Amino acid sequence: MTVPPQSDYGIVIAGHGSRDPEGVREFERLVEIIKARCGGRPVTHGFLEFARPTIDEAVRASIGAGSRRIAVVPGVLLAASHAKNDLPGEVLALQREFPQARLSYGAALHLHPLILKVFREKIIEAESRSAQLVKRSGTCLVVVGRGATDPDANSDVSKLARMLEEGMGFGASFVCYSGTAKPLVTEGLELAARLGFSRIVVAPFMLFTGILIKRIYAAVDDLALRHPEIEVLKCGYLGIHEHIADALLERAAESIAGKAAMNCSLCKYRVQIVGYEKEVGAPQQGHHFHARAGNGGHAPRQPSGACAPHPIEAESFRIIDAGRDWPAFPDAQRDVLQRLVHASGDFEIVDDIFISPGAVEAGVKALSQRACIVADVTMVQSGLRRTLLQELSVQTVCCVHDEETRLLAEAGGLTRSAAGIRRAWMQFGNDLILAIGDAPTAVEEAVRLVNEQQWRPHLIIGLPVGFVGTRECKENLRRCLRVPRITNRGTRGGSPWAAAAVNAMLIRAANQLASK
């Protein structure tokens, strides 16, 4: 495809960026092919992070070249968070900054027919390098995707694998991911090896080289060593190809024509997808700190000042600090205890609080590493400091009102709160902090899963309020030696208490970030 000579709009190819200079150079070489095939239109490129030029620099350069209509095309394969949140957010900000220009946002490459053709070439090249002649019916194709938090994007990798399996006659296909989604590469390759095929062809669904590609190839080499009875072939990634350039040019033309189409029928932000119902209508927020001109191509996280207390809050904590003898408590525990005194208005609760050794430190570390916070009720979730959650990029979840939780509670004879905790165990595994401030049955279910299913959350905060089963569940949690835990004696507690304990650790984690 060669676009006829026109210069009615400029094109900005927006890439993610890479820590690997070789990957950046490959992206730049693809841009040069696009320039040669675009019919004289001004073409610039920019990166979301890790490299220069930045996306705003690329748009400025296009405007400087005379463009008044600009197609911003995501140089990414699938419509996950980069294409749905980060890049559109950047385009919207630039449109406000340059109202005299009209910026159009293009669709991701997705499963463009030209992508399938490049994949076919890479597979045939890998097969031709082998000294053995093996029928495709005796071969398993393994497609390795990037992996995302968007189920629609992950499912597109499965769709690609199935189309190639049927279109090229493979005996089977299997999908794994380099991160975020499961199975991960090493586990996925091992599972594929158990299918009984004499040959496995591993094809990375990625545009350019980089850290992930090198890890994938290393995992393939390890599989070949573990299974000498199987021939394992490595396909090249999509790379620098005229078909890729033409597909990006087509996406640019579609955006200018107002025909940029994404797969919205199963987008978790538009329709209720099983397991993602709460993300319908979620605001368009980027999860990356976008590269901007003048910051070296990568904006580091900066403390927002969110930890600075309001004067009334500062005065409250001055009174709390003077209200009893605190030096006996380690600093980390003191932060939590003082927050609980502030939430309850009662100094005497300190004597009832139990904090297992290292529990606060475990919670702070988990939050610093973006572990999810699971709350038993929405009141706990609402009590968490949003500015700190955003600063630390920490996700919060409450499953109690989900349709699946209702179905699980009815089928299993559980309370909704207990069913919500069970769903958190199923969905998130160990990488979470559990904050329970309302339901004793939620604490009991958490303790049961720890004891019977070897669940190991980073921390369990069990501070429910009430008279039925409250004392007993807290005592059971206190005696549960297998996890870090915070609880108390008696019937007092509640959602504000659980939120206060988490907020103390959020503040401590944010302060540690600011001090680095």
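Me: How do helices α9 and α10 lie to each other?
Reply: This is a predicted model, where local features need pLDDT of at least 70 and side-chain atom pairs count only at pLDDT 80 or more, while totals for chains, interfaces and linings use all residues. Residues are numbered from 1 along each chain as its sequence is written, and side-chain values use heavy atoms, without hydrogens and water. Helix α9 (residues 311-323) and helix α10 (residues 331-344), both DSSP runs of H or I with at least four residues, pack with axes 10 Å apart at about 110°, on a scale from 0 to 180 degrees between N-to-C directions of lines fitted to C-alpha atoms, for helices over the stretch in contact. That angle falls within 65 to 115 degrees, so α9 and α10 are roughly perpendicular.

Me: Which residues of α10 make the contact with α9?
Reply: Contact here means heavy atoms within 4.5 Å. From α9 come E313, S316, F317, I320 and D321. They meet, on the α10 side, Q338, R339, V341 and H342.

Me: Which residues does I123 contact beyond its neighbours within four places in sequence?
Reply: I123 is among the residues that touch the most other members of the largest nonpolar core, alongside I13, F119, F205, L238 and I244. Such a core is a set of buried Ala, Val, Leu, Ile, Met, Phe, Trp, Tyr and Cys residues joined through side-chain atoms within 4.5 Å. Past those neighbours, I123 is in contact with L141, L164, M168, F170, V201 and C235.

Me: Are the residues on both faces of strand β10 buried or exposed?
Reply: In β10 (residues 372-375), C372 and V374 point to one side, with I373 and A375 on the other. β10 also pairs in parallel with β12 (residues 432-436) over four bridges, and V374 has L434 as its bridge partner there. With the cut-offs at under 20% relative accessible area for buried and over 50% for exposed, partly exposed in between (1.4 Å probe, protein chains only), C372, I373, V374 and A375 are all buried.

How values were computed
Helix = DSSP H or I, 4+ residues; strand = E, 2+ residues; numbered from the N terminus. Pairing = 2+ DSSP bridges. Parallel < 35°, antiparallel > 145°, perpendicular 65-115°, else oblique.
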